[in-house]
Amino acid sequence: MPPVSSPILSISGLSKQYKSGHTALGGVDLEIERGEIFALLGPNGAGKTTLISIVCGTVNKSGGTIAMDGEDIAHNFRLARQRIGLVPQEIAVDIFTTVWNTVSFSRGLFGKAPDPAYIEQLLRDLSLWEKRDAKMIELSGGMKRRVMIAKALSHEPDLLFLDEPTAGVDVNLRRDMWALVRKLREKGVTIILTTHYIEEAEEMADRVGVIDGGKVLLVEEKAALMRKLGKRRLTLTLAEPLAQVPAALSDWSLSLEEEGHKLVYSFDAEEDDTGMPALLRRLDDLHIAFKDLDTSRSSLEDIFVELVEKSA
Amino acid sequence: MSGINIHGIWAIYSSEMARTRRTVLQSIATPVITTALYFIVFGGAIGSRMQHVGGVGYGAFIVPGLIMLSLLTQSISNASVGIYFPKFTGTMFEILSAPLNAIEAVIAYVGAAATKSVIIGLIILATSTFFTDVRILHPVWMVGFLLMTSIAFSLFGFIIGIWAKSFEQLSIIPSLIVTPLTFLGGAFYSIDMLPPAWRTVSLFNPVVYLVSGFRWSFYGLGDVGVAASLGFTAGFMALCLAILWWIFQTGWRLKP
């Protein structure tokens, strides 16, 4: 077992150019820490799925290397593949087979001896036990997706890829899935999820990577990213609208919204001195009254949009 | 995991065999009924008016050809559907992402397809004994040809399954090439019965060598030498293996 601090997955200079000439990945460097939940964020067509597919072996790379625990996965592909589980974006199953059989099939395919007790527990965890003898064709979309997760976990991987796990999924399944992901992390499974739902990354991830146009734009601890790039806003609903921001308030970064009914102060979330109390005192001095006060913190979504726009 | 992914091979092999069991009527009953019809029409109705071929009754004469006809078509269709289906449903991602190398995948898919063909061949052989007297002079050779042909054409079918991009392409080679070649390959006649010019043309038909060798193992008579038959079957198998090796090296039609 390598030291805990070393990355479980190291990707360097990974590139992919499809035969059509489209460059899906243009030299990606990425390190995934052992035991973390890593969210790979990016708009559609950013290269998320291509990146995952190359690591999992379903797409050939054009260049670069991928190492698992420091060893190039091309050298011992079996060992790497056996440790990796993949839940693809699309539901793809043999619709004529049963839940039990398809999950058992996956376990065998990945080189593990049958373990009915483990499969039973897995199906129970995913609320699939009652459906174990049902054919895939009889299941709802949500149930099929649960089966896809069960298949990916059937061989007890320690690195799990979830490609857009909650796209088109109802609230129940999404909640179950998040609970399952946390449970897996507690067991020491490293999880990489791609998503374009920011809330998912915000809810789940330890670290966030933003990818667009086949390049990783940034990798950061989620909390640090929110601190660094996150802005806070103080919105005051004024008793009387203002035509313009009074010159006496030029020390603060203020703007007017909704035809002067709202005064908005935006400031860096990480600064100790927010300038907020001073602003309120000054407003009092100027006899500018307000009816309501609201503060908000920018979400990962705002940060993301800003980043992607900046790179475009 | 040691050198070979035994569990992986078994998972694919047994799920392919399970698919056969699910479609037992189509997989097993159809060839048996078709063969029985051939016996009734060719062996019974027409064969009774035919002279013996090389000392063998016509009904018995066509048995090896009929088995070969089913072996070729069944091997190709089993193996091609076996690998085309995951491509069609998208479950191929799982096979490609598994710790399974090309040899193991081929053993599993081709092994299952060939197993099914051999079973069908033996069922047809058993069925034929209800209609005619069948002798087998060289049982070991008979089994050898049965196995080699099933494997070689399952390999061929596997290639077709990887190549095909639609169900139409999947059936085009079996129906447009293999079936005509089989009918013209001496399944129902000895090529000695043909005019000399056509006999020469027939020698370019690969199926002639398969049927001839197989028939030799039954009755000790063939249109071409048994060595030629054996050489052809082995050569065809080697060609298919070489193509598959290239396919898996490049990921042609498997991986973008």
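F153(B) and F156(B) lie three residues apart in helix α6 (residues 139–163) of chain B, so about one helical turn separates the two. The model in which they are found is predicted, and within chain B confidence is highest in α6(B), at a mean pLDDT of 95, and lowest in α2(B), at a mean of 80. For chain B as a whole the mean pLDDT is 89, with 99% of the residues reaching 70 or more.

A second pair is made by F232(B) and F236(B), whose rings are stacked, with 6.2 Å from centre to centre and 10° between the planes. Both residues belong to helix α10 (residues 226–250) of chain B, where they are four residues apart, about one turn of the helix. F232(B), with a relative accessible area of 24%, is partly exposed, whereas F236(B), at 16% relative accessibility, counts as buried. The two pairs are part of a cluster in which ring pairs link F153(B), F156(B), Y209(B), F232(B) and F236(B).

Rings also take part in arrangements with charged side chains. In chain B, the charged end of R215(B) is placed over the ring of F61(B), at 3.7 Å from the centre of that ring. In chain A, R132(A) lies over the face of W129(A), with 4.0 Å to the ring centre.

Helix α2 of chain B, the element with the lowest mean confidence in that chain, spans residues 24–46 and has 23 residues. From its first C-alpha to its last, α2(B) reaches 31 Å, which is close to the 33 Å expected at 1.5 Å a residue. P31(B) is itself one of the buried residues of α2(B), and others among them are S27(B), I28(B), T35(B), A36(B), Y38(B), F39(B) and G43(B). The cover over these buried residues includes four helices of chain B, namely α1 (6–22), α3 (58–89), α5 (102–128) and α7 (167–183).

Notes: Residues are numbered from 1 along each chain as its sequence is written. Chains are lettered from A and ligands numbered from 1 in the order in which they are written. Side-chain values use heavy atoms; hydrogens and water are left out. The expected span of a helix is 1.5 Å times one less than its number of residues. Buried means under 20% relative accessible area, exposed over 50%, partly exposed in between (1.4 Å probe, protein chains only). Contact means heavy atoms within 4.5 Å. Rings of Phe, Tyr and Trp (its six-membered ring) pair if their centres lie within 6.5 Å; planes under 30 degrees apart count as stacked, over 60 as edge-to-face and the rest as tilted. A charge sits over a ring if NZ of Lys or CZ of Arg is within 6 Å of the ring centre and within 35 degrees of the ring normal. pLDDT is the predictor's confidence in each residue, from 0 to 100.
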